[in-house]
Amino acid sequence: MWAKVRHADTVDATVVGFTGTARHPKALAVRLPDGRLALSQRLTTALASVVGPRLLPQSGRAFTKAGDSYTPAVGDVVVEVVAGTTRHTVVTVMRLR
């Protein structure tokens with residue numbers, strides 16, 4: 001008998017930044033519930049058009065632990081993501097909360 005092991009969980013994540021422009025973000029930098037910071041996979045055009053207007057960019061650049069660069073943002077933007085549970089987290093944004 002075998003059992004399927006789940007390697008991704010759906011969680012809410014706080015948006016702390018983005019790549020691309022605030023008007024047309026390509027990916028989001030999110031803080032996961034366990035405190036880890038990760039860049040999401042590329043956003044769909046529809047999702048980028050909904051999230052973009054809510055982003056308030058800050059000056060400067062910030063970096064994830066893996067060294068990925070992003071523009072920091074402030075606000076109370078929360079997104080639902082599917083986050084991998086393995087060491088190299090793959091984060092896919094599903095929708096704006």
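## Ground rules and confidence

Because the model is predicted, local features are given only at pLDDT of at least 70 and side-chain atom pairs count only at pLDDT 80 or more, while totals for chains, interfaces and linings use all residues. Residues are numbered from 1 along each chain as its sequence is written, and side-chain values use heavy atoms, with hydrogens and water left out.

The pLDDT is the predictor's confidence in each residue, from 0 to 100. For the protein chain it averages 88, and 88% of the residues score at least 70. Strand S2 has the highest confidence, at a mean of 96, and S7 the lowest, at 89.

## The overall fold

Read from the N terminus on, the order is β-β-β-α-β-β-β-β-β.

Of the 97 residues in the protein chain, 38% are buried. Here buried means under 20% relative accessible area, exposed means over 50%, and partly exposed lies in between (1.4 Å probe, protein chains only). The accessible surface of the protein chain comes to about 6,200 Å², and carbon and sulfur atoms account for 56% of that surface. These areas come from the Shrake-Rupley method with a 1.4 Å probe; for residues, only the protein chains shown count as cover. Among contacts (heavy atoms within 4.5 Å) between residues at least 6 apart in sequence, 49% join residues at least 24 apart.

Five of its seven residues are buried, so S2 is largely enclosed by the rest of the structure. S2 pairs with S3 in the antiparallel sense over three bridges; two strands count as paired if DSSP finds at least two bridges between them. Val-30 has Ala-38 of S3 as its bridge partner.

Five residues separate S2 from S3 in this hairpin, and Gly-35 in the turn has a positive phi of about 95°. As background, side chains in a regular strand alternate between the two faces of the sheet.

## The nonpolar core

A nonpolar core is a set of buried Ala, Val, Leu, Ile, Met, Phe, Trp, Tyr and Cys residues joined through side-chain atoms within 4.5 Å. The largest one has 21 residues, and those with the most contacts inside it are Leu-28, Val-30, Val-79 and Val-81. S1, S2, H1, S7 and S8 are the elements that give two or more residues to this core.

Leaving aside residues up to four places away in sequence, Val-30 touches several others, including Val-15, Leu-37, Val-79 and Val-91.

Ser-40 sits in the loop between strand S3 (37–39) and helix H1 (45–51). At 8% relative accessibility, Ser-40 is buried. Beyond residues up to four places away in sequence, Ser-40 touches Ala-27, Leu-28, Val-91 and Val-93. Ser-40 and Val-81 are 41 residues apart in sequence, with their C-alpha atoms 8.5 Å apart in space.

Thr-19 belongs to strand S1 (residues 8–20) and is buried too, at 17% relative accessibility. Among the residues that Thr-19 touches, not counting those up to four places away in sequence, are Pro-25, Leu-39 and Tyr-70.

## Salt bridges

The structure holds five salt bridges. Each is a side-chain nitrogen of Lys or Arg within 4 Å of a carboxyl oxygen of Asp or Glu. In one of them, Asp-34 joins Arg-36, with the closest N and O atoms 2.7 Å apart. Asp-34 is exposed at 52% relative accessible area, and Arg-36 is partly exposed at 31%.

Glu-80 forms a salt bridge with Arg-95, the closest N and O atoms lying 2.9 Å apart. Glu-80 is in strand S7 (residues 78–84) and Arg-95 in strand S8 (residues 91–96), so this pair ties together parts that are 15 residues apart in sequence. Glu-80 is buried at 12% relative accessible area, whereas Arg-95 is partly exposed at 41%. Glu-80 also forms a salt bridge with Arg-97, with 2.7 Å between the closest N and O atoms. Arg-97 lies in the segment after S8, so its pairing with Glu-80 in S7 ties together parts 17 residues apart in sequence. Arg-97 is partly exposed, at 46%. Together with Asp-12, the residues Glu-80, Arg-95 and Arg-97 are linked in a network of salt bridges.

Key:
Helix = DSSP H or I, 4+ residues; strand = E, 2+ residues; numbered from the N terminus.
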